[in-house]
Amino acid sequence: MDLLNVKNICKSYVNHRALDNISIDIPRSSIFGLLGPNGAGKTTLIRIINQIINQDSGQILLHGTNINYNDIRKIGYMPEERGLYKKMKIGDFLLFMGKLKGLSRSESINSARDWFNNLEVSNWWNKNIEDLSKGMSQKVQFISTVLHNPDLIILDEPFSGFDPVNANLIKKNLLRLKDEGKTIIFSTHRMESVDELCDNLAMIDKSKKILSGKINDIKSAYKSDIYKIKHLNKINDKISSFSVIDSKIVVDNIYESEIKLIKKISSSDLLRLLLSNSIEILEFKQKTPNMNDIFIMKVEEGNNNG
Amino acid sequence: MDKIWIIFEREYLQRVKKKSFLIGTLLTPLIFPLFIGITIFFLSSDDEKKRIISCIDYNSLIVDSIGFDNNIIVPTKMKLELLNKKINSDEIYGALVIPKFDIYDPSGIKFYSKTIPSGDLIYDIENIIEDKIKNVKIKDLDLNQESLDKLITKVSLNTYSISETISEDNNSNLEAKKSSSDMAWGLGYFNGFLIYMFVFIYGTFILQSVLDEKSSKVVEVIISSVKPFQLMMGKVLGVGAVAFTQILIWIILAVAISTFTSTYFGYDGSNSVNEVMSVQENSDQSKEIVFGIFDMISSVDIKKIIITFIIYFLGGFFLYGAFFAAIGSAVDNLQDASQFTLPISLPIIASLMFMAIVLENPDSNISIFLSMFPLTSPILMMARLTFGVPDWQLLLSVFLLILSVLFALWFAGRIYRVGILTTGSKITYKLLWKWFIMKNY
């Protein structure tokens, strides 16, 4: 069952088209990566889902029905451009945010206390926001996003500004939220975190969707036929099953080479072939694409076509 | 509505809870007396150095030295060239040359000095010479000084404004209230200026507040839970309530102080005119002055003024506040804001300049127009009000103001919804117009 369906969304601004017929389905209890270079239209789509701006055409369904203004309570949104009121106390700010989402005072206080524990911060209730470091403010922003226990959590570039320790803390909490049945959309142009976290993804470039699906399916579809090998003795060029892309000497007679298959053969066949050509293998690795490679490849493909 | 209230509450409490608000509210009323005091101090202590004016007099009008204020006129037989040198070396301030003339046709009097003398100084010197000539004339015509003194008569006019109802008890007399045109002028100016000040100061607060939310980037976090229009309204109402609170504190303070002083002096403001007049015969001078002031205050309808003030204050504030909010949402920083605040400030500043015209002639066509026109009416209707304004004009003016406020809020809302999410683009009037007409955002 999908939590959110984006159907044929189009949106134009004064001078350009931001989204061109975008359709995305986001399953419940999953982490969904919304990828794309800067200016692709990610933020516009997220703003439409949050009903901050209106689409020109198309539909957004939440739990299978057209989204309406009351659904805002079911969504927690952390925008890329985020900040806090500098002159407020953290407690007052969280109460204010909670109130806007329809939480009572005690609900806000309880939820904030839980999140202070989850994010390993001491009780910050009476601290002034202007005294916070950048990482600390990011945590407060995250807490204000999830304070009202939303079904759908939308994070736009969530890890910018976090040090690796705190980023891991947030990732851990996102995975926990997913296990609790929450759905998380997370938009980024930094692919490392996508590999670790996402179950599904969609890629947007120049206002069009260029790729979508389960992350494992995408990866295997883009599995490369390139191998990295560390070996003794030079590889003979005359083997017809593959070509040597790159080969260099590390020390003495030890080489590091990249080879690309020409014929479709299995990894074990390739290994056998190499050994039979009196090449002694020290390391043997098939190059699997990470999302970054796929991302760059798809974007460049788009640039070439456009 | 609920959410406007939440935004309003935060905006209001954040500002009112600040120490600077309380201090500002209590200290600002002191600034005016302080300012007046400083001005008087400098005026009175002006020209502390005694200025010597040498006088070459061919009519022998000025025989002895004459001192006035800080100046002294000293008759001399020196040549003008020498005096010229003395002026240049700052030994003396100036030289007065009175040529030989017929006292019935004095002309050709000259005054030399390094700097241009003030109008007061010239006026004083002219008076002295006129006085001297008068004395010579009295002798020349063989007049009696005593009978001349008796010719001098002083009359002062008491003005009354007629109210529309005629009291039935003394049916031959119109019920008239003693009015004071000086008082009306002063109160009109004060009210107009107060609205001017508040619209400007608190309008800028709105702009700043919107801009702060935009530049601290908290705005997108907020509008994922609130509609932009609700955010804008909550903000404008919140800042407005702060201004209102400040005024309310001042009104309470003023009433408290005046009640205190009036009980202290034992004067009841509701006394009838006759009683006041009889009291004025009281020999106690200081009491008379205080009663005079209270009499003038009680001559105007304080309740009506306060209610009208509040209406125009709110109207003017919302009208301009909406525009300031729109500007704050569109620009990225204060520098960029100035090119848009100027045209908006222009009618406010113009109102202040037109105030002189309106106070001088409150019933002229231009005054009536300016007190109807919504961009100037908050300041200029308040200036006119104490002189007496027909009810239909007041109602029409308020009606037009309310319409304009509604339009301004709607207009600002359409700019605001796009503006707060737009950063980094060059804002032009054309772009603002495109935002305004954009159907779907």
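Student: Which residue is the bridge partner of Phe68(B) in β3(B)?
Tutor: The partner of Phe68(B) in β3(B) is Asn71(B). This is a predicted model, in which local features need pLDDT of at least 70 and side-chain atom pairs count only at pLDDT 80 or more, while totals for chains, interfaces and linings use all residues. Residues are numbered from 1 along each chain as its sequence is written, and chains are lettered from A, and ligands numbered from 1, in the order in which they are written.

Student: OK, and how do β2(B) and β3(B) pair?
Tutor: Strand β2 (residues 66-68) of chain B pairs with β3(B) in the antiparallel sense, over three bridges; two strands count as paired if DSSP finds at least two bridges between them. The two strands form a hairpin with two residues between them, and Asp69(B) in the turn has a positive phi of about 45°. Strands here are DSSP runs of E with at least two residues and helices are runs of H or I with at least four, both numbered from the N terminus.

Student: Which strand does β3(B) pair with in the parallel sense?
Tutor: That is β1(B), which pairs with β3 (residues 71-75) of chain B over five bridges, and within this pairing Ile52(B) stands opposite Ile72(B). Strand β1 (residues 51-57) of chain B also runs parallel to β4(B), joined to it by five bridges, with Ile56(B) and Val97(B) as bridge partners.

Student: How many bridges join β4(B) to β5 of chain B?
Tutor: Four bridges join β4(B) to β5 (residues 110-113) of chain B, and these two run antiparallel; Ala95(B) has Tyr112(B) in β5(B) as its bridge partner.

Student: How many residues of β4 of chain B are buried?
Tutor: Four of the five residues of β4 (residues 94-98) of chain B are buried, so the strand is mostly covered, where buried means 20 or more other C-beta atoms within 10 Å of a residue's own, exposed means 12 or fewer, partly exposed lies in between, and C-beta atoms are placed from the backbone. Over chain B as a whole, buried residues make up 30% of the 441 residues, and the chain has 16 helices and seven strands.

Student: Which residues touch the most other members of the largest nonpolar core?
Tutor: Ala322(B), Ala325(B) and Ala412(B) do, in a core of 130 residues; such a core is a set of buried Ala, Val, Leu, Ile, Met, Phe, Trp, Tyr and Cys residues joined through C-beta atoms within 7 Å. Helix α11 (residues 302-330) of chain B supplies the largest share of this core, with 13 residues. There is also a second, separate core of twelve residues, which includes Cys55(B), Tyr93(B), Ala95(B) and Ile98(B).

Student: What does Ala412(B) touch?
Tutor: Leaving out residues up to four places away in sequence, Ala412(B) touches Met232(B), Ala322(B), Phe323(B), Ala325(B) and Ala326(B), with contact taken as C-beta atoms, placed from the backbone, within 7 Å.

Student: Is Leu403(B) buried or exposed?
Tutor: Leu403(B) is exposed, because it has 11 other C-beta atoms within 10 Å. In general, nonpolar side chains tend to be buried together in soluble globular proteins.

Student: Switching topic, how many residues of chain B are in contact with chain A?
Tutor: The contact involves 16 residues of chain B and 21 residues of chain A. On the chain B side, α1 (2-16) and α7 (219-223) each supply at least two residues, and α1(B) gives the most, with four.

Student: And what about chain A, which domains does its assignment give?
Tutor: The assignment, which is automatic or from a database, gives domain 1 (2-220) and domain 2 (224-286). Taken over C-alpha atoms, the centres of these two domains of chain A are 45 Å apart.

Student: What is the strand order in the open sheet of chain A?
Tutor: The order is β12-β13-β11-β14, four strands with antiparallel pairing. At the edges are β12 (242-251) and β14 (280-286) of chain A, each of which pairs on one side only. Between β12(A) and β13 (residues 254-261) of chain A there are eight bridges, and in β13(A) the partner of Ser243(A) is Lys260(A).

Definitions and conventions
Two residues are in contact if their C-beta atoms, placed from the backbone, lie within 7 Å.
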